[in-house]
Amino acid sequence: MVSLARRNLLHDRLRFVITVAGVAFAVTLVLVQVGLFLGLLDKATVTIRHAGADLWITSRHTPNVDFARTFPETAVLRARGVAGVARADNLIVSFMNVQLPSGAVEGAVVYALADFTAWNLPWDVPEGSAADLKRGYRLLMDRSAVLRYGPFAVGDEREILGRRFRIVGTTREAASFTTTPIVFMDYENAQELLEQLRGNTSYVLVKLAPGADAAAVQAELRRRLPYNDVLTSEQWAAQSRDYWVKSTGLGMNMGVTVFLGVLVGVVIVAQTLYTSAVEHIKEFGTVKAIGGSNLDIYRILGEQALIAAVLGFALGAVFSYGARPLMAGIQLNVLLPPGFIAVVFVGTLLMCLGAALFSFRRVAGIDPALVFRG
Amino acid sequence: MSQNVLRADGVTKVFEEGRQRVEVLRGITMEVGAGEVVALEGPSGSGKTTLLSIVGLILSPTAGEVEVAGTRLRRGDSATQREVRRRSIGFVFQQYNLFPALTALENVEYSLNVRGVRGRRAHDEAARVLERVGLDDRQHFLPRDLSGGQKQRVAIARALAGSPRVLLADEPTANLDTTTGGQILDLFQELARSEGKGLLVVTHDPKVRRIADRVVGIRDGKLAEAA
């Protein structure tokens with residue numbers, strides 16, 4: 001079957017290129033911006049997802065994992081006494097200053113456990129071992145810190161709150177939502193650094209015994225620790241994400257970006273399709289004169305919109321995937337999960353078909369008698 | 001007398017714009033028989049094109065009836081009108097109205113697609129009618145690469161595709177030189193004779209009379225004896 005839609009698109013090459021470029025721009029904008037957003041949210045919960053705890057005991061109303069508040073570390077003893085708890089350990093999470101060789105001071109998020117081997121923190125250790133942290137003032141530093149702290153290597157020393165620590169290993173992907181690098185050290189060392197941490201902890205990580213009823217354990221922990229929050233990992237991750245999305249305006253920002261991306265796409269596609277429809281109005285009149293219906297013409301415009309959508313999406317996806325290594329170079333993770341890609345693809349199809357509706361309205365009223373006009 | 005393939009019976013057309021009421025056609029009755037060539041002549045604004053639009057089922061009359069290939073059309077029945085137009089009427093326009101992005105073959109094939117003929121059948125039928133109008137060597141040319149006469153032949157091939165019983169032509173020689181226009185008229189005459197199509201040609205061109213079986217004049221919306 002002859003496709004007038006395709007042939008007209010190829011006939012008006014410049015317009016076609018502009019349309020596809022417009023869709024590609026909109027798709028790239030949405031994919032990269034939302035991908036960055038998802039990447040940031042991923043960072044916001046990366047330690048929660050990796051730690052391997054079933055339940056997190058936090059200070060009451062702690063907004064997210066990075067903004068930890070302290071409570072007495074003896075809470076862990078009450079947690080250990082609850083039936084169904086296989087293991088419970090204190091975890092300190094605290095912002096601390098790192099003194100650099102240049103004299104500059106940079107921030108770090110310190111994660112401190114008494115026994116790292118019992119938890120999946122840190123989860124990616126290309127150099128050294130978390131077990132070495134017990135042997136004095138030692139730490140594992142995330143490789144992303146090179147952007148903030150400058151080059152460093154295993155064996156180097158860095159000063160944290162006036163205490164010299166030796167770097168005994170490195171980690172990967174351990175950075176906070178704000179891209180502040182995470183430093184892992186022994187629990188007692190961390191407590192020694194800050195007065196407010198002495199006798200206190202930030203969290204209690206809880207691992208359930210096999211077959212334990214998570215809801216029942218959670219309820220019992222809440223009963224025993226009435227001044228704390230007890231959350232499942234999923235609840236805690238959701239709460240941490242929600243904080244950044246709602247409290248910082250990031251969600252609104254993303255919403256505006258997506259809206260603008262869609263708006264740009266709709267305007268470009270609608271404008272080019274509409275202009276094309278107007279320019280081909282006599283051809284559409286001819287289609288009607290030779291027996292075609294409005295549906296035949298809608299089909300032409302719809303097919304053109306879908307072709308622009310598919311090609312524009314493909315191009316936009318290529319650009320977005322191409323941007324990932326560049327973004328990764330500056331520690332920005334563009335997350336493009338398949339589900340999200342599928343949603344954007346369907347959204348692009350709908351956006352282009354929606355834009356074609358403007359042209360539908362224009363051609364619906366074509367008087368086929370115009371074919372007799374010169 | 002040959003069987004009528006087209007008949008207008010008491011067709012009146014009134015256009016109203018605001019308070020203005022213009023009666024363009026006033027009770028026109030005419031017919032075209034199978035294999036007959038009828039020339040419709042008249043000055044500009046006399047109602048020729050409006051009559052062509054009405055008998056071509058593109059425009060509905062204000063009063064009167066139209067019958068095409070044995071089907072009497074009711075006013076407002078646009079679905080039947082479109083179906084009869086698709087099946088039984090072929091148009092040839094003054095400006096050719098070819099699809100510029102499609103080759104000669106595709107122009108004809110596309111009109112067949114619109115008429116419900118698809119695939120190989122459409123392709124073969126398009127090639128056949130192009131050969132019929134003498135353009136078998138120009139099948140893959142775009143309209144911009146064809147001369148005026150060749151474009152009009154493609155338009156005629158498109159009108160012929162699907163074997164409609166009625167051909168309606170609007171000033172088919174207006175944009176052609178004398179020689180080419182003469183060739184097109186010969187083609188029309190030959191098609192009418194050999195394929196038994198009823199042909200109504202709206203024209204200013206006196207040369208059309210050479211091929212016409214009848215010449216009908218139209219003045220101020222009424223039929224008049226042609227000179």
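In the predicted model, chain A is divided into two domains, of which domain 1 comprises residues 4–43 together with 249–372, whereas domain 2 spans residues 61–226. The C-alpha centres of domain 1 and domain 2 of chain A are 47 Å apart.

Contact between the chains involves 26 residues of chain B and 22 residues of chain A. On the side of chain B that touches chain A, the elements that contribute two or more residues are helix H1 (48–55), helix H2 (78–88) and helix H3 (104–114) of chain B. Of these, H3(B) provides the largest share, six residues. Sorted by class, this side of chain B holds 11 nonpolar, seven polar and eight charged residues.

The largest nonpolar core contains 118 residues, and the residues with the most contacts inside it are A:Val23, B:Val108 and B:Ala157. Helix H2 of chain A, residues 13–44, supplies the largest share of this core, with 15 residues. When residues up to four places away in sequence are left aside, B:Ala157 touches B:Val108, B:Val129, B:Leu130, B:Arg132, B:Val133 and B:Leu135.

Within chain A, strand E5 (residues 138–142) is largely enclosed by the rest of the structure, because four of its five residues are buried. E5(A) is joined by five bridges to strand E7 of chain A (residues 163–171), and these two strands run parallel; in this pairing, A:Leu140 stands opposite A:Gly169. E5(A) also pairs with strand E8 of chain A (residues 182–186), here in the antiparallel sense and over three bridges, with A:Met185 in E8(A) as the bridge partner of A:Leu139.

In chain B, four strands in the order E2-E1-E4-E5 form an open sheet with antiparallel pairing. Strand E2 (20–33) and strand E5 (71–73) of chain B are the edge strands, each pairing on one side only, and the twist from one strand to the next averages 20°. Strand E1 of chain B (residues 4–17) is connected to E2(B) by 10 bridges in an antiparallel arrangement, in which B:Lys13 stands opposite B:Leu25 of E2(B). Two helices lie across strands of chain B: H1(B) lies across E1, E2 and strand E4 (63–68) and runs at about 120° to E1(B), while H2(B) lies across E4 and E5 and runs at about 140° to E5(B).

Several local backbone features occur in loops. A cis peptide bond, with omega of about -15°, joins A:Leu121 and A:Pro122, and A:Pro122 is found in the loop between strand E4 (105–113) and E5 of chain A. A:Leu161, although not a glycine, has a positive phi of about 45°; this residue lies in the loop between strand E6 (157–160) and E7 of chain A. Since A:Leu161 has 15 other C-beta atoms within 10 Å, this residue is partly exposed. In chain B, B:Tyr96 likewise has a positive phi, of about 70°, although it is not a glycine, and its place is in the loop between strand E6 (89–92) and H3 of chain B. B:Tyr96 counts as buried because it has 22 C-beta neighbours inside 10 Å.

Technical notes. Residues numbered from 1 in each chain as written. Chains lettered and ligands numbered in written order. Predicted model: local features only at pLDDT ≥ 70, side-chain atom pairs only at ≥ 80, totals over all residues. Domains from an automatic or database assignment. Contact = placed C-beta atoms within 7 Å. Nonpolar A, V, L, I, M, F, W, Y, C, P; charged D, E, K, R; others polar. Core = buried A, V, L, I, M, F, W, Y, C linked by C-beta atoms within 7 Å. Buried ≥ 20, exposed ≤ 12 C-beta atoms within 10 Å, placed from the backbone. Pairing = 2+ DSSP bridges. Axes fitted to C-alpha atoms, helices over the stretch in contact; angles between N-to-C directions.
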